[in-house]
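Q: Could we go through this model together? I would like to begin with its helices and then move on to the core and the loops.

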Amino acid sequence: MTILAERPSTQEGRVVWLTGLSGAGKSTLASALYAELLARGIPTELLDGDAVRENLSKGLGFSKADRDTNVRRIGFVAGLLAKHGVTVLVSAISPYADTRREVLSGLPNPLEVFVDAPLEVVTARDVKGLYLKALAGEIPHFTGVSDPYEAPEAPDLHLRTDQIAVDEGVRQLLVALGL
């Protein structure tokens with residue numbers, strides 16, 4: 001029996017990488033954009049950081065090395081999908097700039113999107129109260145509080161979710177994608 005390798009799609013895929021603090025709106029924007037792209041008939045996949053951590057990176061902790069491993073795994077899967085013509089929406093904190101740059105540099109047509117909201121806004125949005133616990137010192141290594149979040153210096157798109165509605169964010173994402 002001969003097994004034929006699947007050929008990459010002739011349609012060019014791309015990766016939209018949404019990065020920002022927990023609660024900034026990455027997953028919300030990615031989900032809304034996902035629905036819009038599917039409605040337009042564009043092959044799309046959503047890789048949410050929490051879902052990937054649960055299913056692909058289970059057992060990893062929150063050290064810098066483990067966080068970097070998680071981001072690299074997400075990037076690997078995103079690259080495979082994009083190679084086959086899929087527009088991949090990545091919604092992941094991805095807190096370290098060097099690792100983010102490394103991963104993005106290996107992806108086809110990457111679009112880095114900084115989903116930005118101030119600490120007081122993401123704290124107010126946090127229904128689980130994790131930010132308050134982290135600020136009280138009860139949760140160690142919490143990104144944006146006791147662990148760094150290195151914001152992109154020159155993202156392809158900077159969305160201030162404390163200043164715009166979800167539909168406006170999706171509109172700006174579509175424009176950035178040339179749609």
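The conversation below takes up these topics in turn.

Q: Before that, what kind of model is this, and what do the values use?
A: This is a predicted model, in which local features need pLDDT of at least 70 and side-chain atom pairs count only at pLDDT 80 or more, while totals for chains, interfaces and linings use all residues. Residues are numbered from 1 along each chain as its sequence is written, and side-chain values use heavy atoms, with hydrogens and water left out.

Q: Fine. Helix α3: what span should it have, and how far apart are its end C-alpha atoms?
A: Helix α3 covers residues 64-83, and its 20 residues should span 28 Å at 1.5 Å a residue; the end C-alpha atoms are 28 Å apart, which agrees. The expected span is 1.5 Å times one less than the number of residues. Helices here are DSSP runs of H or I with at least four residues, strands are runs of E with at least two, and both are numbered from the N terminus.

Q: Which residues of α3 are buried?
A: They are Arg67, Asp68, Asn70, Val71, Ile74, Gly75, Ala78, Gly79 and Ala82. Buried means under 20% relative accessible area, exposed means over 50%, and partly exposed lies in between, with a 1.4 Å probe and protein chains only.

Q: And what covers them?
A: The cover includes β1, β2 (44-48), α2 (49-55), β3 and α4 (97-105).

Q: How do α3 and α4 pack?
A: Their axes are 10 Å apart and form an angle of about 20 degrees. The two helices are therefore roughly parallel to each other, a label for angles under 35 degrees, with over 145 counted as roughly antiparallel, 65 to 115 as roughly perpendicular and the rest as oblique. Axes are lines fitted to C-alpha atoms, for helices over the stretch in contact, and angles run from 0 to 180 degrees between N-to-C directions.

Q: Which residues meet there?
A: From α3, Lys64, Asp68, Val71, Arg72 and Gly75 meet Thr99, Glu102 and Val103 of α4. Contact means heavy atoms within 4.5 Å.

Q: What about Arg73: where is it, and what does it touch?
A: Arg73 lies in helix α3 and counts as partly exposed at 33% relative accessibility. Leaving aside neighbours within four places in sequence, Arg73 is in contact with Leu56, Ser57 and Leu60. The C-alpha atoms of Arg73 and Leu56 are separated by 7.7 Å, although these residues are 17 residues apart along the chain.

Q: What follows α3?
A: Gly85 follows α3, and its phi is positive, near 85 degrees.

Q: Changing topic: how many residues has the largest nonpolar core?
A: The largest nonpolar core has 26 residues, and those with the most contacts inside it are Val16, Leu18, Leu29, Leu33, Val113 and Leu173. At least two residues of this core come from each of β1 (14-19), α1 (26-39), β4 (110-116), α6 (130-135), β5 (157-160) and α7 (166-176). A nonpolar core is a set of buried Ala, Val, Leu, Ile, Met, Phe, Trp, Tyr and Cys residues joined through side-chain atoms within 4.5 Å.

Q: Which residues are in the second core?
A: That separate core of 15 residues includes Val52, Val86, Val90 and Leu107.

Q: And Leu18, what is it in contact with?
A: Beyond its neighbours within four places in sequence, Leu18 is in contact with Lys26, Leu29, Ala30, Val90, Ser91, Ala92, Val113 and Val115.

Q: Now the loops. Is Ser94 buried or exposed?
A: Ser94 is buried, with a relative accessible area of 4%. It is found in the loop between β3 and α4 and has a positive phi of about 40 degrees although it is not a glycine.

Q: And His141? Where is it?
A: His141 is in the loop between α6 and β5. Its phi is positive, about 55 degrees, although it is not a glycine, and at 49% relative accessibility His141 counts as partly exposed.

Q: Last one, Thr143: what does it touch?
A: Not counting residues up to four places away in sequence, Thr143 touches Leu21, Arg67, Ile93, Pro95, Tyr131, Pro148 and Tyr149. Thr143 is in the loop between α6 and β5 and is buried, with a relative accessible area of 6%. Thr143 and Pro95 are 48 residues apart in sequence and 7.2 Å apart in space, C-alpha to C-alpha.
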